[in-house]
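Hi there,

Here is the structure I promised to pass on.

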Amino acid sequence: GGESAIIVPITVPPAVNLLRNRMDPSAAQGVPAHVTLLFPFMPVDALDTSVRNRVAGIVASEPSFRVVFASVSRWPNVVRLDPEPAEPFRRLTRALVEAFPGYLPYGGVHDEIVPHLTIAQDVPDDYYAAAEHALPGYLPVRDYVREAWLIGHTPDTPWHTLWRLPFGVPG
């Protein structure tokens with residue numbers, strides 16, 4: 001039972017984490033700031049060595065890279081930061097979907113893959129405005145992407161990291 005996700009954790013400034021903790025329900029469930037590669041992914045009890053090896057191989061095919069989040073964007077129910085470059089995240093999502101065609105990003109509800117770091121989601125309207133107002137003062141957020149995490153939860157456990165999967169060596 002339970003479900004899993006493949007994410008790239010991103011280190012953000014404490015003030016950005018505070019906003020996320022107040023405004024993104026996943027933060028309260030133990031999910032760190034991240035860019036999602038694939039969610040929903042398979043049930044936790046279906047994760048085995050062969051799945052791990054396939055996911056690890058895909059993640060390792062993408063070299064580690066520097067990422068910068070310099071702009072704030074908005075969907076109706078999400079305030080997000082946009083990564084530059086976005087393409088490595090997109091490539092990984094496409095490769096994962098190719099390897100696991102039964103698992104489409106967000107269940108297939110969006111045609112386009114838009115890598116992003118969610119700050120606010122499913123909150124009252126004034127929260128979105130507050131997030132959009134506060135965030136530019138903390139940008140750009142810079143990080144160096146070194147690994148993807150496969151995280152999971154079950155009815156008995158909150159989200160937690162099951163596998164840490166390194167990116168490839170640059171150059």
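Helix α3 (residues 49–60) and helix α4 (residues 87–99) pack at an angle of about 150 degrees, and their axes are 10 Å apart. That angle makes α3 roughly antiparallel to α4; angles under 35 degrees count as roughly parallel, over 145 as roughly antiparallel, 65 to 115 as roughly perpendicular and the rest as oblique. The axes here are lines fitted to C-alpha atoms, for helices over the stretch in contact, and angles run from 0 to 180 degrees between N-to-C directions. Helices (H or I, at least four residues) and strands (E, at least two) are DSSP runs, numbered from the N terminus.

On the α3 side the contact (heavy atoms within 4.5 Å) is made by Arg54, Val55, Ile58 and Val59, and on the α4 side by Leu92, Ala95, Leu96 and Ala99. Sorted by class, this contact of α3 with α4 has seven nonpolar residues, no polar ones and one charged residue. For the classes, Ala, Val, Leu, Ile, Met, Phe, Trp, Tyr, Cys and Pro count as nonpolar, Asp, Glu, Lys and Arg as charged, and the others, Gly among them, as polar.

Before going on, a word on the source: this is a predicted model, where local features need pLDDT of at least 70 and side-chain atom pairs count only at pLDDT 80 or more, while totals for chains, interfaces and linings use all residues. Residues are numbered from 1 along each chain as its sequence is written, and side-chain values use heavy atoms, with hydrogens and water left out.

Now to the sheet that α3 lies on. Helix α3 lies across β1 (3–9), β2, β7 and β8, and runs at about 60 degrees to β8. These four strands form an open sheet in the order β2-β1-β7-β8, with antiparallel pairing (two strands pair if DSSP finds at least two bridges between them). At its edges are β2 (34–41) and β8 (157–166), each of which pairs on one side only. From one strand to the next, the twist averages 25 degrees.

Going through the pairs, β1 is joined to β2 by five bridges, in the antiparallel sense, and isoleucine 7 has threonine 36 in β2 as its bridge partner. Strands β1 and β7 are also antiparallel, over five bridges, with isoleucine 6 opposite leucine 150 in β7. Between β7 (residues 147–154) and β8 there are seven bridges, again antiparallel; here isoleucine 151 is partnered by threonine 161 in β8. Strand β1 is mostly covered, with six of its seven residues buried (under 20% relative accessible area; exposed is over 50% and partly exposed in between, with a 1.4 Å probe and protein chains only).

There is another open sheet of four strands, in the order β5-β4-β3-β6 and with antiparallel pairing. Strands β5 (117–121) and β6 (141–145) stand at its edges with a single partner strand each, so one side of each has no neighbour in the sheet. Neighbouring strands in this sheet are turned by 30 degrees against each other on average, direction ignored. Four bridges pair β4 (residues 78–84) with β5 in the antiparallel sense, and arginine 80 stands opposite threonine 118 in β5.

Aspartate 143 is found in strand β6 and counts as buried because its relative accessibility is 17%. Leaving out residues up to four places away in sequence, aspartate 143 touches Pro9, Ile10, Thr11, Phe65, Arg66 and Val67. Aspartate 24 is placed in the loop between α1 (14–23) and α2 (25–28), and at 2% relative accessibility it is buried too. With the sequence neighbours up to four places away left out, aspartate 24 touches Thr118, Ile119 and Gln121.

Last, the other helix pair: the axes of α1 and helix α5 (residues 125–134) come within 11 Å and cross at roughly 170 degrees, which means that α1 is roughly antiparallel to α5. Leu19, Arg22 and Met23 of α1 make the contact with Tyr127, Ala130, Ala131 and Ala134 of α5. By class, that gives six nonpolar, no polar and one charged residues.

Best wishes
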